Amino acid sequence: MAGTAEKVAYLQPGGPLRERIDQLIRRLGRGQETAIPVLQEIQKEFGYIPPELLPRVAALTGLCGSELYSIATFYSQFRLHPIGENLIQVCHGTACHLAGAEEITAALRRELGIEEGDTSPDQKYTIEKVACLGCCSLAPVITINGETFGRLTPEKAVRLVRGGAGQKKKETQNKKGVEDKAGPQNNVSPQNKEGRLS
Amino acid sequence: MKRVATAKKRIVRVGLASCGIAAGARPVYNFFCSELAKMPEKSFTLIRTGCIGMCFCEPLVEVEDEEGVYLYGEVDLEKARRILEEHLGAGRPCNDWVVYSDVITGREQDYLTRQHRILLKNSGKIDPEDIGSYVKAGGYRGLQKVLASLTPEEVIATLEESGLRGRGGAGFPTFLKWRFTRQSPGAPKYVVCNADEGDPGAFMDRSILESDPHSVLEGMIIAGYAIGSNEGYIYIRAEYPLAVQRLRLAIAQMEERNYLGENILGSGFSFHIHIREGAGAFVCGEETALLASIEGKRGMPRPRPPYPAQEGRWGKPTGINNVETLANVARIFELGPEVYKNCGTEKSKGTKVFALAGKVRRSGLIEVPMGISIREIVFAIGGGIAGDKPFKAVQTGGPSGGCIPASLAETPVDYESLAEIGAIMGSGGLLVMDDETCMVDVARFFLNFTTEESCGKCTFCRNGTPLMLATLDRICRGKGRPGDLKRLEELGEAIKDGSLCGLGQTAPNPVLTTIRYFRDEYDAHINEKRCPARICKDLIVYRIETETCTGCGLCTRICPVQAISGERRRPYHLDETVCIRCGLCLSTCHFDAIITISEGQDTHTADTNANTTTASGERE
Ligand SMILES: Cc1cc2nc3c(=O)[nH]c(=O)nc-3n(C[C@H](O)[C@H](O)[C@H](O)COP(=O)(O)O)c2cc1C
Ligand code: FES
């Protein structure tokens with residue numbers, strides 16, 4: 001990850017983020033209304049909001065730093081810490097809870113040695129808890145870097161993560177790994193042992 | 001409804017909404033895409049559609065030919081190849097895989113035939129990324145009618161006639177909300193579409209937006225015309241990237257065709273729509289918090305009145321409606337208010353979309369007439385409980401709602417009847433529970449959610465919900481004390497009274513209704529330190545059934561704490577003092593030899609008799 005100076009450079013005139021933020025400000029005006037969209041843009045770029053950027057963003061948008069900080073900490077979407085290479089989101093919506101999401105989390109936690117919300121020391125994985133991914137029929141569900149995997153068991157979840165499913169491998173993508181590991185239907189394991197775990 | 005044979009209509013549809021994609025529909029779509037290109041010209045047209053609603057057997061492929069419609073379920077690449085060869089190529093449908101058809105009887109036929117699909121009529125039929133597809137299906141006809149021949153007052157009167165009530169949860173009559181907004185002094189006025197869908201276990205709005213985005217947008221323009229507004233906002237959950245993408249595309253196509261923008265269709269009426277992505281806060285579904293969030297503030301509710309209809313965005317009159325409400329508006333003007341008036345009950349008109357999930361055999365998105373019974377939804381449409389387990393309860397309304405026991409399954413689903421038994425209609429989440437669902441655990445789950453999502457403004461909500469949660473936690477850990485239930489009930493009532501917004505006012509509901517209908521389950525936890533559903537980890541043990549265990553050794557290898565030992569081909573032994581009840585062995589064992597037992601019971605009969613309930617799971 002880039003150091004503070006390099007990150008700040010993103011916001012200098014001509015920097016890659018500056019253009020996008022200027023655009024937002026042109027559209028929404030300087031002030032309150034731009035706050036959330038600007039923070040979202042920054043998170044899209046870095047995967048989190050580097051706190052050291054907040055004073056610069058404040059100057060650009062005309063908001064005070066404390067106000068930005070209060071927004072960044074209110075909404076659960078915003079993170080103030082960097083995430084690992086691979087983001088694993090475990091759904092803890094109602095359907096997934098009934099189908100055993102706790103066990104999925106516990107298995108991943110044990111496997112990766114980190115708590116929910118944390119990043120592994122080698123910066124490879126972050127586990128995050130989310131509420132309902134909208135695929136309740138496939139519960140329990142996790143996403144790995146945005147790709148959804150359903151009808152899991154704790155054991156399958158661990159195998160998916162260890163097998164590199166959904167992970168950023170430039171060339172081969174994940175197709176092979178996923179199909180081999182999670183059964184013939186891509187992301188969904190074919191047979192679900194009727195709520196055994198729930 | 002057999003179709004007249006016309007050589008023209010030969011279509012292959014592949015469902016590409018989030019759930020379909022997650023189930024592997026993309027490769028299937030790509031397969032048909034490349035294969036159909038090789039077939040003789042115009043033989044079959046491939047259409048990408050949204051959600052057909054049969055999420056339980058995704059990926060879905062529908063073939064429409066001269067004979068009629070054949071919907072195939074659980075289509076993988078291999079099935080796709082055979083459908084291509086046999087059905088599309090040789091004209092012989094693969095009947096075994098048909099889940100629904102208007103020619104033959106499909107495997108899951110009643111799932112669709114028992115529904116009443118008005119709102120979802122386009123879902124799974126049209127291409128959500130093509131405005132032409134929507135127009136062909138009757139889209140924007142309502143808007144044209146409105147702009148060409150109705151005054152704003154007449155629009156509101158038509159809505160009144162239809163009887164439409166808000167689908168976001170509270171059921172406020174839509175025509176009244178619009179009339180108030182129209183009559184409020186102040187300009188400009190705004191229309192806001194609430195697409196925050198925070199109920200964790202509900203996906204109606206996502207599905208509608210992914211499958212039929214234009215319906216919602218059309219409803220918004222009609223709302224703008226009726227209340228006298230030229231600007232609309234959609235506040236949508238950030239967790240729904242596909243819906244956002246399809247909305248953006250839809251808006252661009254509308255602007256191109258002048259369904260949106262200046263002087264729409266030459267009517268002199270102008271309207272613009274902006275998208276605002278939420279940032280992950282459940283409370284932002286509450287209308288005043290939502291407005292604060294659009295304005296860029298922390299999403300904290302404020303007292304009402306003034307209502308948004310009087311003082312909304314930037315203090316201006318604002319009409320806020322739910323996604324489904326607005327899509328209903330478009331249908332009412334497309335099909336006429338009678339379609340609504342004639343369907344449903346006296347006070348609840350029309351249909352309601354539910355996200356049916358949980359321990360039901362067929363889960364997915366369903367649309368039913370108001371007044372249908374819970375039993376009919378669970379059994380006739382949902383196909384009963386998965387694995388033929390006893391039906392215990394349904395939960396509606398998510399964290400604001402209540403649990404309805406199986407004994408009240410005849411209750412009609414309408415706003416009043418549900419409120420009467422302590423539940424609510426809610427926005428449409430409908431979770432089915434079987435005898436392996438612990439009601440204390442469910443109550444704790446919802447309370448954990450509301451505790452985390454409380455914005456912190458009101459003392460009772462901020463400090464009261466964690467107190468309730470701690471008590472429930474204690475009960476689940478076997479540390480419950482006599483008097484806990486009374487304390488929960490008292491706290492619950494106090495939180496309801498002492499909270500400003502719906503979040504706090506309804507947060508105790510899941511606890512209060514489970515205490516009301518499942519008190520003996522709480523008692524078992526508190527007095528006997530026993531979890532009848534065998535869910536609460538501190539109250540159960542795992543054991544290996546010697547008669548069933550084949551000694552394959554799989555469990556010893558997977559156990560993270562080495563609690564299982566034994567010799568190969570002999571029954572293994574599990575050390576209960578070491579076991580952490582993580583569930584890995586349970587999900588790994590091929591022979592179901594590992595059982596869970598809740599303490600204080602005869603070990604041999606424990607598994608089968610863990611529930612001292614009747615067959616239907618009633619506990620009253
Ligand atoms: C905590 C809380 C969360 C809510 N979440 C939603 C939501 O996700 N979607 C929604 O449409 N309404 C939600 N509502 C209801 C809205 O405040 C509002 O009543 C609704 O958007 C009005 O639209 P309608 O009249 O079309 O139903 C929520 C209310 C509360 C108190
Ligand atoms: S509850 Fe997990 S996807 Fe809905």
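Predicted model: local features only at pLDDT ≥ 70, side-chain atom pairs only at ≥ 80, totals over all residues.
Residues are numbered from 1 along each chain as its sequence is written, with chains lettered from A and ligands numbered from 1 in the order in which they are written.

Reader: How many helices and strands are there in chain A?
Author: Helices (H or I, at least four residues) and strands (E, at least two) are DSSP runs, numbered from the N terminus. From that end, the elements of chain A run α-α-α-α-α-β-α-α-β-β-β-α-α. Chain A therefore has, under this DSSP definition, 9 helices and 4 strands.

Reader: What percentage of the 198 residues in chain A is buried?
Author: Buried means under 20% relative accessible area, exposed over 50%, and partly exposed in between, with a 1.4 Å probe and protein chains only. Among the 198 residues in chain A, the buried ones make up 58%.

Reader: Which residues of helix 8 of chain A are buried?
Author: Helix 8 of chain A covers residues 154-162, and because 7 of its 9 residues are buried, it is largely enclosed by the rest of the structure. Just after this helix of chain A, A:Gly164 takes a positive phi of about 80°. The buried residues of helix 8 of chain A are A:Pro154, A:Glu155, A:Lys156, A:Ala157, A:Val158, A:Leu160 and A:Val161.

Reader: How is helix 8 of chain B placed against helix 10 of chain B, parallel or oblique?
Author: Axes are lines fitted to C-alpha atoms, for helices over the stretch in contact, and angles run from 0 to 180 degrees between N-to-C directions. Angles under 35 degrees count as roughly parallel, over 145 as roughly antiparallel, 65 to 115 as roughly perpendicular and the rest as oblique. Helix 8 (residues 174-183) of chain B and helix 10 (residues 213-227) of chain B pack at about 45°, with their axes 8 Å apart. That angle makes helix 8 of chain B, relative to helix 10 of chain B, oblique.

Reader: Which residues of helix 10 of chain B make the contact with helix 11 of chain B?
Author: Helix 10 of chain B and helix 11 (residues 241-256) of chain B pack at an angle of about 60°, with their axes 10 Å apart, and are therefore oblique to each other. Contact means heavy atoms within 4.5 Å. From helix 11 of chain B the contact takes in B:Arg246, B:Leu247, B:Ala250, B:Ile251, B:Gln253 and B:Met254. From helix 10 of chain B it is made by B:Pro213, B:His214, B:Leu217 and B:Ile221.

Reader: Which residues touch the most other members of the largest nonpolar core?
Author: A nonpolar core is a set of buried Ala, Val, Leu, Ile, Met, Phe, Trp, Tyr and Cys residues joined through side-chain atoms within 4.5 Å. Of the 124 residues in the largest such core, the two that touch the most other members are B:Trp178 and B:Ile236.

Reader: Which element gives the most residues to this core?
Author: The element that gives the most to this core, with 9 residues, is helix 10 of chain B.

Reader: Is B:Asn321 buried or exposed?
Author: B:Asn321 has its place in strand 9 (residues 318-322) of chain B. Not counting residues up to four places away in sequence, B:Asn321 touches B:Thr174, B:Lys177, B:Trp178, B:Val192, B:Cys193, B:Asn194 and B:Leu326. Because its relative accessibility is 5%, B:Asn321 counts as buried.

Reader: Where in chain A is A:Pro140 placed?
Author: The peptide bond from A:Ala139 to A:Pro140 is cis, with omega near -5°. A:Pro140 has its place in the loop between strand 2 (125-130) and strand 3 (142-144) of chain A.

Reader: Is B:Asp388 buried or exposed?
Author: B:Asp388 is found in the loop between helix 15 (374-381) and strand 12 (391-396) of chain B. Although B:Asp388 is not a glycine, it has a positive phi of about 55°. At 74% relative accessibility, B:Asp388 counts as exposed.

Terms used. Heavy atoms only, no water.
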